[in-house]
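Have the structure open while you read.

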Amino acid sequence: MSKLYVPKNYKPLLSVKETEKAIVLLKDFFQLALSTELSLTRVTAPLFVKSGTGLNDDLNGVERPVKFPVKDMNETQVEIVHSLAKWKRMKVTELGLDSGFGIYTDMNAIRADEELDNLHSLYVDQWDWCMRIDEKDRTIDYLKEIVKKIYRVLKQTEFFVYDRYENIKPCLPADITFVHADDLVKMYPGKSPKERETAFCKEHGAIFIIGIGGKLSDGTIHDGRAPDYDDWITPGPDGKPGLNGDLMVWNPVLDCAMELSSMGIRVSKESLKSQLSERGCPERAELTFHKKLLNGELVQTLGGGIGQSRLCMYFLRKAHIGETQVSMWSEEMLKECAENNIAIL
């Protein structure tokens, strides 16, 4: 069911017209800075892929993709992407990029099973990116260096906005703090994963939680992750599982932890087999994408997604993602937003 949090005495810092202009400026700046920092080339991306290939992102494995038959292709079923996690790896391989170079694209998706609230929408727009890496770079230290580069871009973007809109004050900390999901279990006993995120992010301002999807010391997982793109099972030097994570910042408007990006080193042949077994879906190994990976036809990569509307929402200090994108919302939510100065586009 739709859920809405209304900040007390909320008043947008920019008008709707100013917001529309700021969204363009912010997106243009961020994608150029990101592509420069990570050596990424822009490519064109698909909106839909053929069903049954394993190319679509299965997210937590329960979300239903939007499907339709193609009349001019003998009713072949295709589905709207959830994200391009696996498609990007095939594209990097196809382009023959050297290690340390990669691609980024504008990804548009529909997630029909999303629970709608201030941060979640049916419509998902993000910068999907992916870079080739060497086998020796499949380490937590290498992942952290990439995270630090992305955080530098976030800091640059924060100043870019402040330089043009003086009433939007910077609030990101100087550095991002790294923590493993299993450490959060021990730091906050008895709390849920979301409560742990909230407590730690509120204290540090910007965090990267390592090990999303892997089994923790208490037998749980911090959050769901599909078994066929991020490597969440390979242990790091400390023995804790996971070569992936989520980048989160403290949102001063909503007074909550806000995920801006999910990323990770992608599965190897060995970790794919282990993760498919762990999730109880070894039959996926027969799908087109998985066969290519297991046959050694795909290069090793690191990649992720960065939410475009979320990024704009955060930096423009908006209370609802619908203030930075056009989607569908319940009549009740639209009415409540209108009554509380939340200008849904």
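Predicted model: local features only at pLDDT ≥ 70, side-chain atom pairs only at ≥ 80, totals over all residues.

Q: Why is Phe68 called partly exposed, rather than buried or exposed?
A: Phe68 has a relative accessible area of 30%. Buried means under 20% and exposed means over 50%, so Phe68 falls in between and gets the label partly exposed.

Q: Where is Phe68 found, and what stands opposite Phe68 in E4?
A: Phe68 is found in strand E3, and Val78 in E4 stands opposite.

Q: How do you know that E3 and strand E4 count as paired?
A: Pairing needs at least two bridges. Four bridges join E3 to E4 (residues 76–80), so these antiparallel strands count as a pair.

Q: What makes strand E2 and strand E3 the edge strands of the open sheet of three strands?
A: The order in that sheet is E2-E4-E3, with antiparallel pairing. Strand E2 (48–50) and strand E3 (67–70) each pair on one side only, and that is what makes them edge strands.

Q: How do you know that strand E10 pairs with strand E11?
A: Here too, the cut-off is at least two bridges. Five bridges join E10 (residues 256–265) to E11 (residues 301–307), so the two strands, which run antiparallel, pair.

Key
Residues numbered from 1 in each chain as written. Heavy atoms only, no water. Buried < 20%, exposed > 50% of the residue type's maximum accessible area, 1.4 Å probe, protein only.
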